[in-house]
Amino acid sequence: MEVWLIDSDLPAQNPNLELVLADAADAVAALRSEGKRVLLHCVQAQSRTPTVAALYAARHLGADFDAALAAVREALSDAAPQHALLTAARAVADRIG
């Protein structure tokens, strides 16, 4: 499964960003509910991977988004999500709380 997210803070690069992030987190949940192992990756696991992973934890495991992001950053020490991705993911996470 591929999800197209661009490492960019320019809105035109990621149209419908909140929807795409929510869909990506929901896809992880759906695959895991089928008993599948899910591996997230992007070019360097610095922006898109940690953002989707943290949103999955917030949206489907009941974690606080910032706590989930901190845990992901512990595992991926080079994680540095783009501001636009974090803003959109927090907005999605806030709507479930």
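User: Which residues of helix 2 are buried?

Analyst: The buried residues of helix 2 are R48, T49, P50, T51, V52, A53, A54, L55, Y56, A57 and A58, where buried means under 20% relative accessible area, exposed means over 50% and partly exposed lies in between, for a 1.4 Å probe and protein chains only. Helices are DSSP runs of H or I with at least four residues, numbered from the N terminus. Please keep in mind that this is a predicted model, in which local features need pLDDT of at least 70 and side-chain atom pairs count only at pLDDT 80 or more, while totals for chains, interfaces and linings use all residues. Residues are numbered from 1 along each chain as its sequence is written, and side-chain values use heavy atoms, with hydrogens and water left out.

User: Okay, why is helix 2 called largely enclosed?

Analyst: Helix 2 is largely enclosed by the rest of the structure because 11 of its 14 residues are buried.

User: And what do those buried residues pack against?

Analyst: The buried residues of helix 2 pack against helix 1 (17-33), helix 3 (65-75) and helix 4 (83-96).

User: What follows helix 2?

Analyst: Helix 2 is followed by G62, a residue whose phi is positive, near 75°.

User: Let me zoom in a bit. Is T51 buried or exposed?

Analyst: T51, which has its place in helix 2, counts as buried because its relative accessibility is 0%.

User: What is T51 in contact with?

Analyst: If we leave aside its neighbours within four places in sequence, T51 is in contact with L21, F65, P81, L85, L86 and A89, contact meaning heavy atoms within 4.5 Å.

User: I see L85 and L86 there. Which residues of helix 4 are buried?

Analyst: L85 and L86 are among the buried residues of helix 4, together with A84, A88, A89, V92 and A93. What covers these buried residues of helix 4 includes helix 1, helix 2 and helix 3.

User: New topic, pockets. Which residues lie nearest the centre of the largest pocket?

Analyst: M1, E2, V3, L40 and H41 lie nearest the centre of the largest pocket, which is lined by 20 residues. A pocket here, on a 1 Å grid over the protein atoms alone, is an open set of points where a 1.4 Å probe fits, with protein on both sides within 12 Å along at least five of seven lines, and lining residues have an atom within 4 Å of a point.

User: Which helix gives the most to the lining of the largest pocket?

Analyst: Helix 1 gives the most to that lining, with 4 residues, and both helix 1 and helix 2 supply at least two residues each.

User: And what lines the second largest pocket?

Analyst: The second largest pocket is lined by V28, R32, V38, L40, T49, A53, Y56, A57, L61, V72 and L76. Helix 1 and helix 2 are the elements that give two or more residues to this lining, and the largest share, 5 residues, comes from helix 2.

User: One last thing, where is N14 found?

Analyst: N14 is found in the segment before helix 1, and N14 counts as buried because its relative accessibility is 8%.

User: What is N14 in contact with?

Analyst: Again leaving aside its neighbours within four places in sequence, N14 is in contact with W4, L5, I6, S8 and L85. L85 is one of the residues in contact with T51 as well.
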